[in-house]
Amino acid sequence: FASALNCRADHFGGYFGSLSPDVEVFFGSLGSFLDNKFNPTEGAFEVNPPFDLHVMDRCANRILELLNNASNNRLSFTVFLPEWQTPWTFQPIVLQEDGEA
């Protein structure tokens with residue numbers, strides 16, 4: 001998640017997913033990270049979702065979906081979350097080499 005205010009798309013890359021892709025597509029937005037149109041099968045991505053429990057939960061589920069669909073390709077996500085005062089129940093799932101959780 002980013003916006004044209006904190007990310008720059010140029011010939012070095014810098015493309016981003018955003019919550020307002022209809023407006024930010026002109027500045028390099030690839031669309032919503034949560035949308036099924038964003039389906040990378042390889043690459044390394046930084047994810048910094050809005051600090052809202054519902055959005056963070058949807059983001060975690062989307063990452064797991066993408067990792068499961070990536071098969072044996074190299075796909076990774078670095079996720080930045082706030083230090084949260086209330087417990088959040090997301091538990092990371094480590095995939096085995098055969099793709100099973």
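Arg74 is exposed, with 76% relative accessible area, and sits in the loop between α2 and β2. What you are looking at is a predicted model. Its protein chain has two helices and two strands, and along the sequence they come in the order α-β-α-β. A search of the whole structure turns up one salt bridge, and that pair gets its own group of points below.

**Whole chain**

- The protein chain has 101 residues, and 30% of them count as buried.
- Its accessible surface is about 7400 Å², with 53% of that belonging to carbon and sulfur atoms.
- If you take the contacts with a separation of 6 or more, 54% of them are between residues 24 or more positions apart.

- Strand β1 covers residues 43-47 and strand β2 covers residues 75-79; the two run parallel and are joined by five bridges.
- For one of the pairings, look at Gly43, whose bridge partner in β2 is Leu75.
- Together with α2, the strands β1 and β2 make a β-α-β unit, and that unit is right-handed.

- Arg74 and Ala44 are 30 residues apart along the chain, yet their C-alpha atoms are separated by 8.1 Å.

- Which residues make the salt bridge? Glu65 pairs with Arg62, and their closest N and O atoms are 3.1 Å apart.
- As a general point, side chains of opposite charge can pair when their charged atoms come close.
- Both partners, Glu65 and Arg62, belong to helix α2 (residues 53-69), where they are three residues apart, or about one turn of the helix.
- Is Arg62 buried or exposed? Arg62 is buried, at a relative accessible area of 3%.
- Glu65, on the other hand, counts as partly exposed at 35% relative accessibility, because that value falls between the 20% and 50% cut-offs.

**Two serines between α1 and β1**

- Ser29 is in the loop between α1 and β1, and Ser32 lies in the loop between these elements too, with α1 given as residues 21-24.
- Ser29 counts as buried, with 6% relative accessibility.
- Not counting residues up to four places away in sequence, Ser29 touches Phe16, Gly17, Ser18, Pro21 and Glu24.
- For Gly17, the C-alpha atom is separated from that of Ser29 by 5.3 Å, with the two residues 12 apart along the chain.
- Ser32 has 18% relative accessibility, so it also counts as buried, since the cut-off is under 20%.
- With neighbours within four places left aside, Ser32 is in contact with Ser18, Pro21 and Phe38.
- A polar atom in the side chain of Ser32 lies 3.1 Å from the backbone nitrogen of Leu34.

Methods. Residues are numbered from 1 along each chain as its sequence is written. This is a predicted model: local features need pLDDT of at least 70, side-chain atom pairs count only at pLDDT 80 or more; totals for chains, interfaces and linings use all residues. Side-chain values use heavy atoms; hydrogens and water are left out. A salt bridge is a side-chain nitrogen of Lys or Arg within 4 Å of a carboxyl oxygen of Asp or Glu. Helices (H or I, at least four residues) and strands (E, at least two) are DSSP runs, numbered from the N terminus. Buried means under 20% relative accessible area, exposed over 50%, partly exposed in between (1.4 Å probe, protein chains only). Contact means heavy atoms within 4.5 Å. Accessible areas come from the Shrake-Rupley method with a 1.4 Å probe; for residues, only the protein chains shown count as cover. Two strands pair if DSSP finds at least two bridges between them. A crossover is right-handed if, with the strands pointing away from the viewer, the path from the first strand over the helix to the second runs clockwise. A polar contact is a pair of N or O atoms within 3.5 Å; within protein, one must be able to donate a hydrogen and the other to accept it, and residues adjacent in sequence count only if both atoms are side-chain atoms.
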